[in-house]
Amino acid sequence: MTEKALRLGTRRSTLAMAQSGQVADAVSQVTGRPVELVEITTYGDVSREHLAQIGGTGVFVAALREALARGEVDFAVHSLKDLPTAQPDELVLAAIPEREDPRDVIIARDALKLTDLPRGARIGTGSPRRMAQLNAYARAHGMDIETVPIRGNVDTRIGYVTKGDLDAVVLAAAGLNRIGRSDEVTDFLSVDTVLPAPGQGALAIECAADDADLVAALAELDDPFTRAAVTAERSLLAALEAGCSAPVGALADLLDDGQSVKEMRLRGVVGTTDGSTLVQLSTTGPVPETHEAATALGRELATEMLAQGAAGLMGERAL
């Protein structure tokens, strides 16, 4: 007798379905059970408002979490950068698999790179974080660009370029890799130019905290280095009291000496969307061995950033 299929709750977008399908295969392998995808529509999927207007934080997550709470699905897959930093007691992040490429990329007309864009180039992005850093980079390098707020799935966004409405759009490398469209990228943005969103490129596999067997099975997919890094990044975000639509970038990466991993470096940035003011700092410490140590790393950097005026740059606080 075959075991009952596990139900995986997922958003309906092409990207969500692709990454949930990849997780479903991995979960089938570790549990020996079939996994079926249960498509759930979230408020963030149906609303046409800009993310900054609808609060950003949690708009793609709430419906999935409600389905988990009602027992309609056994576990859910989220893009970690969409998750609010506060974790509900009844749910647990059972696994954070190894992270994909965390960088942002541009897809531009005529295969242009960022530095090749003409004066007055219009670059589309729905992210205040990307706007702040792109505008700051342009100011520092004598470029003349205009950042244009856009919404929509990958097809819609790339369509703005192919139809000639925009010169370029900014997207996450991880998403394009997962749906097999990385060959359309015309430039990878160095993290020294644009720091990604906290948790960007990582997935979160969430289930009910009281389902001990499933928690243990899913934990086999967890990557401890990725978990430590994103925990530090999200701790920074939480300590800045910023939602996931705030103009905050963060990236924790591991520093090695060629033989072994020695330290973790955490970088953070917050800025005004016009790029006129940025607070950008970093800290380096031992690789965190515990959740508490990773959280402390993020909190320490946030404290330094707040002391340098970060709070005044966040604009409206996400609700």
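Leaving aside neighbours within four places in sequence, with which residues is leucine 236 in contact? In this predicted model, leucine 236 touches Gly249, Ala250, Gly268, Gly298, Leu301, Ala302 and Met305, once its neighbours within four places in sequence are set aside.

Leucine 236 belongs to the largest nonpolar core, which comprises 19 residues. The members that touch the most other members of this core are Leu236, Leu240, Met264, Leu266, Val270, Leu301 and Met305. At least two core residues are supplied by each of helix 8, strand 11 (248-256), strand 12 (261-271), strand 13 (278-286) and helix 9 (291-307). Helix 8 provides the largest share, with 5 residues. Another core lies apart from this one and contains 16 residues, including Ala24, Ile205, Leu214 and Leu218.

Helix 8 covers residues 224-239 and includes phenylalanine 225. Phenylalanine 225 is classed as partly exposed because its relative accessibility is 42%.

Helix 4 (residues 128-140) was examined for both length and burial. At 1.5 Å a residue, the 13 residues of helix 4 should span 18 Å, and the end C-alpha atoms are 18 Å apart, in agreement with that expectation. The buried residues of helix 4 are Pro128, Arg129, Arg130, Met131, Ala132, Gln133, Leu134, Asn135, Ala136, Tyr137 and Ala138.

Notes: Residues numbered from 1 in each chain as written. Predicted model: local features only at pLDDT ≥ 70, side-chain atom pairs only at ≥ 80, totals over all residues. Heavy atoms only, no water. Helix = DSSP H or I, 4+ residues; strand = E, 2+ residues; numbered from the N terminus. Buried < 20%, exposed > 50% of the residue type's maximum accessible area, 1.4 Å probe, protein only. Core = buried A, V, L, I, M, F, W, Y, C linked by side-chain atoms within 4.5 Å. Contact = heavy atoms within 4.5 Å. Expected span 1.5 Å × (residues − 1).
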